[in-house]
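Thanks, everyone, for making the time this morning.

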Amino acid sequence: MSPHHQLLLGVDAATVGSRKGWAVVAATWEAECLGPASPPCFVEHLAALARPGPLELGGLVGVVRAIGIDIPIGLAQHGWRGADLAGRHALASRASTLFPMPPRAVIEEPHYPSANELSRRLTGKGLSKQSHGLRMRVLELDGLLRAPHSPGAPEWFEVHPELSFAALA
């Protein structure tokens with residue numbers, strides 16, 4: 001890859017066969033087109049793949065510039081995450097398509113009935129089974145991002161396809 005191209009990744013949780021894993025889409029972009037005033041300049045689609053197992057990105061240091069992931073980044077200690085509340089507000093009538101993540105203690109609880117009760121106690125609202133079903137992916141990413149990073153490590157961005165599509169409509 002030439003130095004004026006940047007590799008960007010899009011990542012989401014996926015089921016690969018019978019195992020939970022990650023769906024990854026990679027693309028290269030012209031580096032000079034990544035500024036806030038420039039539209040992105042798509043160069044080529046590199047890969048779309050699904051892989052089982054943990055999210056392993058050690059080989060991407062110095063290669064990937066940014067990673068957009070449809071998994072919450074940063075868990076609240078109390079109450080609902082501000083990013084989820086703002087996203088749901090922006091989606092208005094489609095707010096139910098964005099699943100809010102409860103506080104860290106709820107996500108760390110492995111058993112749904114206990115997590116649901118804890119969510120009700122901490123937030124006043126129950127926990128959807130879908131939100132609880134994402135807990136292992138959320139915790140995996142949380143552990144990865146809380147670990148020390150090497151210089152040149154990619155920058156991570158939480159993305160919500162629901163908001164992206166609404167902005168394009």
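Let me begin with the second largest pocket, whose lining, sorted by class, has 7 nonpolar, 3 polar and 5 charged residues. Please keep in mind throughout that this is a predicted model, and that the values I quote are computed from it. The lining comprises 15 residues, and those nearest the centre of the pocket are D70, P72, F99, L134 and E162. As for its volume, the second largest pocket comes to about 250 Å³.

Stepping back to the overall fold, the protein has 6 helices and 5 strands, and, read from the N terminus, the elements follow the order β-β-β-β-α-α-α-α-α-β-α. If we take the contacts between residues at least 6 apart in sequence, 60% of them join residues at least 24 apart. Of the 169 residues in the protein, 35% are buried, while the accessible surface comes to about 9700 Å², with 59% of that area belonging to carbon and sulfur atoms.

Which residues of the largest nonpolar core touch the most other members? The core has 14 residues, and the ones in question are L9, V11, W22, I67, I69, I71 and V138. At least two core residues come from each of β1 (5-16), β2 (19-30), β4 (64-69) and α5 (135-146), and it is β4 that gives the most, with 3 residues. As general background, nonpolar side chains in soluble globular proteins tend to be buried together.

Staying with strand β4, I would point you to G68, which lies in that strand. G68 counts as buried because its relative accessibility is 15%, and the cut-off for that class is under 20%. Leaving aside residues up to four places away in sequence, G68 touches L9, G10, V11, F157 and V159. For the pair G68 and V11, the separation in sequence is 57 residues, whereas the C-alpha atoms are 6.3 Å apart in space.

My last stop is A92, in the loop between α1 (82-91) and α2 (104-108). Most residues other than glycine have a negative phi, yet A92, which is not a glycine, has a positive phi of about 50 degrees. Is A92 buried or exposed? With a relative accessible area of 54%, A92 is exposed, since the exposed class begins over 50%.

That is where I will stop, and I am happy to go back to any of these views.

Methods: Residues are numbered from 1 along each chain as its sequence is written. This is a predicted model: local features need pLDDT of at least 70, side-chain atom pairs count only at pLDDT 80 or more; totals for chains, interfaces and linings use all residues. Side-chain values use heavy atoms; hydrogens and water are left out. A nonpolar core is a set of buried Ala, Val, Leu, Ile, Met, Phe, Trp, Tyr and Cys residues joined through side-chain atoms within 4.5 Å. Buried means under 20% relative accessible area, exposed over 50%, partly exposed in between (1.4 Å probe, protein chains only). Helices (H or I, at least four residues) and strands (E, at least two) are DSSP runs, numbered from the N terminus. Contact means heavy atoms within 4.5 Å. Accessible areas come from the Shrake-Rupley method with a 1.4 Å probe; for residues, only the protein chains shown count as cover. On a 1 Å grid over the protein atoms alone, a cavity is a set of points where a 1.4 Å probe fits but cannot get out, and a pocket is an open set with protein on both sides within 12 Å along at least five of seven lines; lining residues have an atom within 4 Å of a point. Grid points are joined across faces, edges and corners, and a volume is the space filled by probe spheres set on the points. Ala, Val, Leu, Ile, Met, Phe, Trp, Tyr, Cys and Pro count as nonpolar, Asp, Glu, Lys and Arg as charged, and the others, Gly among them, as polar.
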